[in-house]
Amino acid sequence: FAAGAPFLPKLADIGRAHVPTATALMVLLMAGSVVAMPLALPLLVKGLQVNPLQIAAPLVVLMLAPLLLGVAAQRFVPQAGAKLLPALTKVSNISFVAVVILICGTNLTALVGVVGSGAIGAAILFVSMLFAGAWIMGEPDAAGRRLLGYATAGRNIGAGLVTAGASSAEPRAVVMLIVTGVVGLVFLLAAATWARRRDGTG
């Protein structure tokens, strides 16, 4: 239920999908998660309580506010946006690489701890099935299918961890969330990089 991965626009950029559509889709999926998770999860997990404000707050501060700031800048001072674009693109690329390294590095213990348990294999299967299903049911053009695959397979693990932490979930569930998040990020980054190279634009 935790849809709207915050790295969706960057994956779209790497994989040569439509970035504005990816951004709009990310916002819609995040908003849907804030509404759907508090309603659906208590029905699936007995005794689980989900506070929508706990999910929405970090999304608004970290994702929606910068997005609205960028839209406002484009609307009122477009010349400044055009001048800052090259520098901001470099910052975005460096930040994305740093995030990937930090996510994998800080969760290395969790990943090593589940080796041999089948958790990593289950996460790979889960992400692969989501991506394949979106690809099969996606738009006719390849770029549209890729974008739908990124959006479907990329889960908002931050929202999931907020929910798990607030509900005192079992440690194994939290570890599985982390494993799925890391596996999903690596899988989708590899898929986007492969798409870019296949198109001959890498």
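K10 counts as buried at 12% relative accessibility, where buried means under 20% relative accessible area, exposed over 50% and partly exposed in between, computed with a 1.4 Å probe on protein chains only. This residue is found in helix α1, residues 8-14; helices are DSSP runs of H or I of at least four residues, strands are E runs of at least two, and both are numbered from the N terminus. Not counting residues up to four places away in sequence, K10 touches S92, N93 and F96, contact being defined as heavy atoms within 4.5 Å.

The structure is a predicted model, in which local features need pLDDT of at least 70 and side-chain atom pairs count only at pLDDT 80 or more, while totals for chains, interfaces and linings use all residues. Residues are numbered from 1 along each chain as its sequence is written, and side-chain values use heavy atoms, with hydrogens and water left out.

**Overall architecture**

The protein contains nine helices and zero strands, so the order of elements from the N terminus reads α-α-α-α-α-α-α-α-α under the DSSP definition given above. Of its 202 residues, 32% are buried. Among contacts between residues at least 6 apart in sequence, 72% join residues at least 24 apart.

| Pair | Sequence separation | C-alpha to C-alpha distance |
|---|---|---|
| N93 and K10 | 83 residues | 8.3 Å |
| I103 and I178 | 75 residues | 9.1 Å |
| L67 and V27 | 40 residues | 9.3 Å |
| G105 and V182 | 77 residues | 10.0 Å |

N93, which K10 touches, lies in helix α4 and is partly exposed, with a relative accessible area of 34%. I103 is found in helix α4, residues 78-106, and is likewise described as partly exposed, at 28% relative accessible area. Leaving aside neighbours within four places in sequence, I103 is in contact with V182 and L185. G105 is found in helix α4 and counts as partly exposed at 46% relative accessibility.

L67 lies in helix α3, residues 52-76, and is partly exposed, with a relative accessible area of 26%. Not counting residues up to four places away in sequence, L67 touches T23 and V27.

**Helix α2**

Helix α2 spans residues 19-44 and has a kink of about 40° at A36, shortly before the proline P38. The bend at a residue is the angle between axes fitted to the seven residues ending there and the seven starting there. Buried residues of α2 include A22, T23, M26, M30, S33 and V34. M37, P38, A40 and L41 of α2 are buried as well.

**The packing of α6 against α7**

The axes of helix α6 (residues 119-136) and helix α7 (residues 142-153) come within 8 Å and cross at roughly 145°. These axes are lines fitted to C-alpha atoms, for helices over the stretch in contact, and the angles run from 0 to 180 degrees between N-to-C directions. The crossing of α6 past α7 is right-handed; a crossing has this hand if the near helix is turned clockwise from the far one by less than a right angle, and is left-handed if anticlockwise. On the α6 side the contact is made by V127, L130, F131, A134 and W135, and on the α7 side by A142, R145, R146, L148, G149, Y150, T152 and A153. These residues divide into nine nonpolar, two polar and two charged. In this classification Ala, Val, Leu, Ile, Met, Phe, Trp, Tyr, Cys and Pro count as nonpolar, Asp, Glu, Lys and Arg as charged, and the others, Gly among them, as polar.

**R146 and R16**

R146 lies in helix α7 and counts as buried at 5% relative accessibility. Leaving aside neighbours within four places in sequence, R146 is in contact with G15, R16, F131, W135, A195, R198 and D199. A polar atom of the R146 side chain lies 3.5 Å from the backbone oxygen of R16.

R16 has its place in the loop between α1 and α2 and counts as partly exposed at 36% relative accessibility. Most residues other than glycine have a negative phi. The phi of R16, however, is near 60°, a positive value in a residue other than glycine.

Terms used. A polar contact is a pair of N or O atoms within 3.5 Å; within protein, one must be able to donate a hydrogen and the other to accept it, and residues adjacent in sequence count only if both atoms are side-chain atoms.
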